[in-house]
Amino acid sequence: MKKIATELKDCYILEPSVFGDERGYFSPFFIQKEMDKEGIKFYGVVQCNRSKSAKGVVRGLHFQKNPKCQTKLVEVIQGSAIDVVVDIREGSPTYGKHVAVLLKPYDANDKESGRQLYVPRGFAHGFISLEDNTIFQYLIDNDYAPDYEGGIYWNDPELGIDWDGMFKKYGIDKPITSEKDTKHLVLGKSPKYFQY
């Protein structure tokens, strides 16, 4: 596994090892000992989730509040998506900053394929699906707890996420969002749930 720093403190792109030949490939896409060796805090896989999205679907920006906060290890196993993560830990040197990372399934001819994104506790997470039938996979280290769900408005202008640029680049006329995701507060008006 290779760990690549992002512009957000404690948030990493991970490239799992891949062993391939003419038959295909094998990839151990999660090994706790490797996470520990790299100093990546993941408290054990408690839940594995998948979502399927049409092109143009925007999900997020989601998190769970303490004491049910979650670390996520995310990847795309079919289609493609741009994953967006925002540091919402008050006092963090990257508080309110974001990264946007293209995720797509492994392809031996594409050096940036097969990547995962490590989303620590205290970060809001979302993505935009770039293709129909995009399947997004999450490994999570704490149980889903609906009473502790939280979110930041995905199109908060203060975050500076270039959604319009992404829509234009990938031929998305109008994003598809849930009503629930349009009701989240912007970061500046949201309670500070996490401390650095």
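This report describes the pockets, nonpolar cores, backbone geometry and cysteines of a predicted model.

## Largest pocket

By class, the lining divides into 12 nonpolar, 15 polar and seven charged residues.

At least two residues each come from β5 (47-53), β6 (58-64), β12 (123-129), β13 (134-140) and β14 (149-151). Strand β6 gives the most, with six residues.

## Second largest pocket

The second largest pocket holds about 310 Å³ of space. It is lined by 16 residues, of which Tyr-25, Ser-27, Glu-75, Tyr-106 and Gly-114 are the closest to its centre. Strand β7, residues 72-78, supplies the largest share of this lining, namely three residues. The class composition of the lining is eight nonpolar, four polar and four charged residues.

## Nonpolar cores

In soluble globular proteins, nonpolar side chains tend to be buried together. In this model, the largest nonpolar core has 21 residues. The members that touch the most other members are Leu-61, Ile-88, Ile-128, Ile-152, Ile-161 and Trp-163. Two or more residues of this core come from each of β6, β8 (81-87), β12 and α2 (163-169). Strands β6 and β12 are also among the elements that supply at least two residues to the lining of the largest pocket. Apart from this core lies another, of 17 residues, among them Leu-8, Cys-11, Val-76 and Val-99.

The surroundings of Ile-88 can be set out in detail. When residues up to four places away in sequence are not counted, Ile-88 touches Phe-63, Tyr-95, Gly-122, Phe-123, Ala-124, Ile-152, Leu-187 and Phe-194.

## Cis peptide bonds

The peptide bond from Gly-60 to Leu-61 is cis, and its omega is near 0°. Leu-61 is placed in strand β6, the strand that gives the most residues to the lining of the largest pocket.

## Positive phi values

Asp-10 is not a glycine, yet its phi is positive, near 80°. The residue lies in the loop between β1 (2-5) and β2 (12-15). With a relative accessible area of 26%, Asp-10 is partly exposed.

Asn-133, likewise not a glycine, has a positive phi of about 60°. It is located in the loop between β12 and β13, and both of these strands contribute at least two residues to the lining of the largest pocket. The relative accessible area of Asn-133 is 39%, so the residue counts as partly exposed.

## Cysteines

A disulfide is a covalent bond between the sulfur atoms of two cysteines. The structure holds zero disulfides. Cys-48 is in none, and the nearest cysteine sulfur, that of Cys-69, is 18 Å away. Cys-48 is exposed, at a relative accessible area of 53%.

Cys-69 counts as buried, with 6% relative accessibility.

## Gln-195

Gln-195 is found in strand β15, residues 194-195. At 53% relative accessibility, Gln-195 counts as exposed. Leaving aside neighbours within four places in sequence, Gln-195 is in contact with Arg-89 and Glu-90. Gln-195 and Val-84 are 111 residues apart in sequence, and their C-alpha atoms are 20 Å apart in space.

How values were computed. Residues are numbered from 1 along each chain as its sequence is written. This is a predicted model: local features need pLDDT of at least 70, side-chain atom pairs count only at pLDDT 80 or more; totals for chains, interfaces and linings use all residues. Side-chain values use heavy atoms; hydrogens and water are left out. A disulfide is a pair of cysteine sulfur atoms within 2.5 Å. Buried means under 20% relative accessible area, exposed over 50%, partly exposed in between (1.4 Å probe, protein chains only). Helices (H or I, at least four residues) and strands (E, at least two) are DSSP runs, numbered from the N terminus. Ala, Val, Leu, Ile, Met, Phe, Trp, Tyr, Cys and Pro count as nonpolar, Asp, Glu, Lys and Arg as charged, and the others, Gly among them, as polar. On a 1 Å grid over the protein atoms alone, a cavity is a set of points where a 1.4 Å probe fits but cannot get out, and a pocket is an open set with protein on both sides within 12 Å along at least five of seven lines; lining residues have an atom within 4 Å of a point. Grid points are joined across faces, edges and corners, and a volume is the space filled by probe spheres set on the points. A nonpolar core is a set of buried Ala, Val, Leu, Ile, Met, Phe, Trp, Tyr and Cys residues joined through side-chain atoms within 4.5 Å. Contact means heavy atoms within 4.5 Å.
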